[in-house]
Amino acid sequence: MTMMYTPTIPPPDPNTRTPKFKLPRLSCDAHCHIFGPGAKYPYAPDRSYTPPDAPLEDFRILHARLGVERAVIVNASVHGTDNSVALDAIARSNGAYRAVANIDDTITERGLRVLHEGGFRGCRFNFVRHLGGIPDKGMFDRVIAMVAPLGWHVDLHFDAIDLPDYADMLGRLPLSYTIDHMGRVKASEGLDQLPFRILIELMQRDEKCWVKICGSERVSSSGPPFTDAVPFARKIVETAPDRVIWGTDWPHPNVKVMPNDGDLVDLIPLFAPEPELQQKILVDNPAFLFGFDDDRARDRCKSPNERGEFVP
């Protein structure tokens, strides 16, 4: 018998506004999710929230409207360690998608190889309290040791208040790492707040440290259009422009205010007014970190048409 669940978080804004800012060719949404559909890709029984379905078809339509040509699917915690939804999406993308996995130390070497050959280039750990809190350190260390030889990075999701406690651990990691959502700092606490200072210091001293300038709606204290997040993103870009990537975070799970993704795209020229920095953040940096520019991907990657379909 299939059990039915009532969604506990709202869906994304269905009326995506066409942004004024035109993204460069091969721009990448480097942090986004696909949810379900649950009938095909069941949600994990121990998930901390239940989303409404946000399937591949909607994902493609969103990116066609925004002008996004590449994407990195961060496999959501609601799917547990089943990465099938992202693996299948990559297989249908003609080389335009990569992904970040949710795994634990029960995965086999063969299982890792399947993910790597299928387009996964990293794994993710949540340290955020409302999503389950701190992962087991032994398991974390074992997974890091397993994925490092593949050239993967680890994607880390922290509450800002906890970031100072992990700075030393991050510096000792044997692989590159990305920090989600600008460290989830609070705009109301200013640029001089300790978590943000720690984040900037990590970027300055550790060349393994990458930061995602996504989640403006999570950083903002004033609400739409979330411009109070701009000084934080701008400082991050100025600190290490070769190690910054951008994403929508669609379909925006667990946000207090649901953004319109067109508005989020129009924050980019405020984060980085310079065309050369826009090219780095949107195209060059994600191409390097996620391996989009290997010969096979470059030959296969096509732009989506107006319906968000990839046509060989």
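Two strands are said to pair if DSSP finds at least two bridges between them. Strands here are DSSP runs of E with at least two residues, helices are runs of H or I with at least four, and both are numbered from the N terminus. Before the details: this is a predicted model, where local features need pLDDT of at least 70, side-chain atom pairs count only at pLDDT 80 or more, and totals for chains, interfaces and linings use all residues. Residues are numbered from 1 along each chain as its sequence is written, and side-chain values use heavy atoms, with hydrogens and water left out.

Start with β4, residues 120-126. It pairs with β5, residues 153-157, in the parallel sense over five bridges, and R124 stands opposite D155 in β5.

V100 has G122 as its bridge partner in β4. The β3 to β4 crossover, through helix α3 at residues 109-117, is right-handed.

How many residues of β4 are buried? Seven of the seven, so the strand is largely enclosed by the rest of the structure. Buried means under 20% relative accessible area, with a 1.4 Å probe and protein chains only.

Now the helices. F196, L199, I200, M203 and Q204 in α6 meet F232, K235, I236 and T239 in α8, contact being heavy atoms within 4.5 Å.

Notes
Buried < 20%, exposed > 50% of the residue type's maximum accessible area, 1.4 Å probe, protein only. Right-handed = clockwise from strand over helix to strand, strands pointing away.
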